[in-house]
Amino acid sequence: MIRRMARSRAWRKFTRNRTALVATGVIGLYAAIFLTIVGTQITDWAGVTNIGSRQGLQMRVLPPKWPGFLESAGIEQRYDAHDWQVSNLNRLFRKDLESMADPSGELAAVSLGERKLADKPIAELRALNEQLNEQFDAVGEVYDIYDEVNEEHHDLDDAIAKAKEGGDEEELAALRAQIEPLEQRRRDAESQLSTALDAVDEVYEELMPQPTGFGGVVYRFRTMFGSDVLGQSISGRAFYSIKIAFQVGLVVATISVLIGTLLGAVAGFYGGWIDSAVMWLISTLSSIPYLVLLAVLAFMFSGHQYFDNSAEYPELQLVKLYTAMGLTFWVGTARVIRGEVMKIKELEYVQAATAIGFGRFYIVLKHVIPNTFHIMFINFSLLFIGAIKSEVILSFLGLGVSGQPSWGTMISNSKDDLSNYFFWEVGAASFLMFVLVLAFNIVSDALQDAFDPKHV
Amino acid sequence: MSLIEVRNLTKRFPIRGGVLNRVINHVHAVSDISFEIASGETLGVVGESGCGKSTLGKTMIRLLEPTAGLVAYEGEQITGLNHSEMMPYRRKMQIIFQDPYSSLNPRLTVSATLKEAIKLHRVLGDGDSMDDYIDTLMRQVGLRPDDKRKFPHEFSGGQRQRIGIARALCVRPTFIVADEPVSALDVSIQAQVLNLMKDLKDELGLTMMFISHDLKVVEHFCDRVLVMYLGHVVEELPTDNLDRDAEHPYTKALLGANPIDDPDDRRPLTVLQGDVPSPINPPAGCAFAGRCELATDRCKVERPVLERKESGRMVACHEVA
């Protein structure tokens, strides 16, 4: 079978298409990530990386809405972040650590985001924390100046606006002359504040160093796209969503192609009332919008012990998605397969099989369905992306995945912050989805080209 | 004793239409045909496209269910038998198809195609080797035994037709319907395949029904020929000398349409006028009356039956004595 595939014309044609090969590679990469995450969940790798684990996804890795690479955090954001770090560390060092039974264990358990306390004696850590507090107080002083300057700047802007309205040219010129020195003062204050924050960063780095080695890679990965409103890792959630997407895509496409092929082949081959019944089912089901069906199922299952976001079996909440899409998506495949089977059953090799004495069921299985494999293949890849796109839309609407990340929920969560130039969450989710869907579209196009006998 | 007996065989295809998908008409493909084929004989069936010769062949081996009439094999009626009762006769009667490109499953190798048939009918005894049997078959039809591992698309048209012949022969049948087996092949390949079939027929003692639209091929290949026109047999004659024996005006016209391979032998060319009537509403009288030179008023209202004339010929015509 495989040897024949490698020699076949369709396969050669497919491999000549460079873009399609690259797209196949991209899909392979996604599949590898999918398998890694599934592996993490069913084995104990979660302890090593926590990339795929639920705790890892809900963990606060950075201050909220921290930007990803290529963009640095603003001054206010850095100030807020240090405020959070200092108050957390102070709470820790206020404890009487020296008299504890296992102080090192207590310290090792402390983590802010992905960072842990440096491996140093308690006294030294305490000294570093003192230093951090001093530096942060210094920042506070500079921050007051910066605040004042900003205040003045606002007042000046207001005064200029008022003067413009009054039409007092002389006053306007005088006010405008003040702009330049004020701007200078603001730049000075900013650079002072920035230096002071750098100093805090330095101490903080010593107290809670960035992880190195494998932990460093994980840290870099998890902070790559910044954090969302709750400080959770965007990259972690975006990559975890690949698992949900693949899961929905695989299950829905498999169910749909199986039902579609079976019913389509039976309808096309036997004809008569079976054909009429299947065609009636097809036209009935295709007149039901799957969104409505899904809404019905979602309300049916809401509050259910197992099917609605249960802690025990979180995967079961997807059953409603599988059902709604599986019930409605197979009709397209069934239509195409039915047409192809009606063509194939008139071919002479099917008649030859009848003449030899094979039963009709055997002929359908052995001679008819295998000759529709290419259609099944193409339909599978089309349904796969169809299911993923639907899952994202449904999750965005709040009907699909809940309690675990999905591209749809990510986009839905961050839509309010988009107007504040916070694009990392929407960007990461959309980008990963876009690349996957694009790759699948290219591959199914190439498959169609390769299998279509009209373009030799 | 005759191996195959066909009595009043009729096949009509329903045409459905209207809102409720009712049967509104029929295509009269085969109408009331009777004949016998003796054991070891080769019967030719000729006629132009759409005259029902393929339908006749397929109905005889029950690829199609007859509307009326019966088919008997060695005196046993096979029409009306169910699937399992039919199985021993399926093995005895095989078919070779016209189009070598659609008659082989593109997903099965040659040996897989042959194997499934051999296994179904348990052709081989316990001690026999499947591989040896397939190799013998391959050699018998003039293919290399190594080719059995190949897929159909790796063969040429003539080779594919040989595989089709091997598939028909692998269950050791006694009767074969050859449905225009060479009309899709090049002339040079036609001769090879025809000679192969003739050799195999003599070697295995096969009885054959050879469907063709080429009178020359039938003359070369068959012992006896049925000439069909619009679902009816119009003449039945031996193939010793068709030019001399043909009596029916349609048979004569068919023979006249054959090119003559002698430039000095010039005869007036009789070209048939008009078209074949529609098989949906066939005329009440003789189907050929509209195109016939001899046609009288009687021909238009009364259908002639196939009967033995005074000359000893089997002809369906009022005007032939």
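Reply: This is a predicted model. Start in chain B. Helix 3 (residues 110-120) of chain B packs on helix 4 (residues 130-140) of chain B at an angle of about 115°. Their axes lie 11 Å apart. That makes helix 3 of chain B roughly perpendicular to helix 4 of chain B, since angles of 65 to 115 degrees count as roughly perpendicular. The crossing of helix 3 of chain B with helix 4 of chain B is right-handed.

Now the side of helix 3 of chain B. Val110(B), Ser111(B), Leu114(B), Lys115(B), Ile118(B) and Lys119(B) make the contact there. They meet Met130(B), Tyr133(B), Ile134(B), Leu137(B) and Met138(B) in helix 4 of chain B. By class, this contact of helix 3 with helix 4 of chain B has eight nonpolar, one polar and two charged residues.

Next, the two chains together. Chain B gives 26 residues to the contact, and chain A gives 20 residues. Between them, chain B and chain A bury about 2100 Å². Of that area, 56% is on carbon and sulfur atoms.

Helix 11 (residues 234-270) of chain A packs on helix 16 (residues 360-368) of chain A at about 120°. The axes of helix 11 and helix 16 of chain A are 11 Å apart. Helix 11 of chain A and helix 16 of chain A are therefore oblique to each other. Their crossing is right-handed. Helix 11 of chain A brings Ala265(A), Phe269(A) and Tyr270(A) to the contact. Helix 16 of chain A brings Arg360(A), Phe361(A), Ile363(A), Val364(A) and Val368(A). By class, that contact of helix 11 with helix 16 of chain A has seven nonpolar, no polar and one charged residues.

Further along chain A is another pair. Helix 17 (residues 373-397) of chain A and helix 18 (residues 407-414) of chain A pack at about 35°, with axes 7 Å apart. Helix 17 of chain A crosses helix 18 of chain A in a right-handed sense. From helix 17 of chain A come Ile388(A), Val392(A), Ser395(A) and Phe396(A). From helix 18 of chain A come Trp407(A), Gly408(A), Thr409(A), Ile411(A) and Ser412(A). By class, the contact of helix 17 with helix 18 of chain A has five nonpolar, four polar and no charged residues.

Gln58(A) is found in helix 5 (residues 54-58) of chain A. Leaving out residues up to four places away in sequence, Gln58(A) touches Gln232(A) and Gly403(A). Asp102(A) is 44 residues from Gln58(A) along the chain, and their C-alpha atoms are separated by 28 Å.

Technical notes
Residues numbered from 1 in each chain as written. Chains lettered and ligands numbered in written order. Predicted model: local features only at pLDDT ≥ 70, side-chain atom pairs only at ≥ 80, totals over all residues. Heavy atoms only, no water. Axes fitted to C-alpha atoms, helices over the stretch in contact; angles between N-to-C directions. Helix = DSSP H or I, 4+ residues; strand = E, 2+ residues; numbered from the N terminus. Parallel < 35°, antiparallel > 145°, perpendicular 65-115°, else oblique. Left-handed = near helix turned anticlockwise from the far one by under 90°. Contact = heavy atoms within 4.5 Å. Nonpolar A, V, L, I, M, F, W, Y, C, P; charged D, E, K, R; others polar. Buried area = accessible area lost by both parts, 1.4 Å probe.
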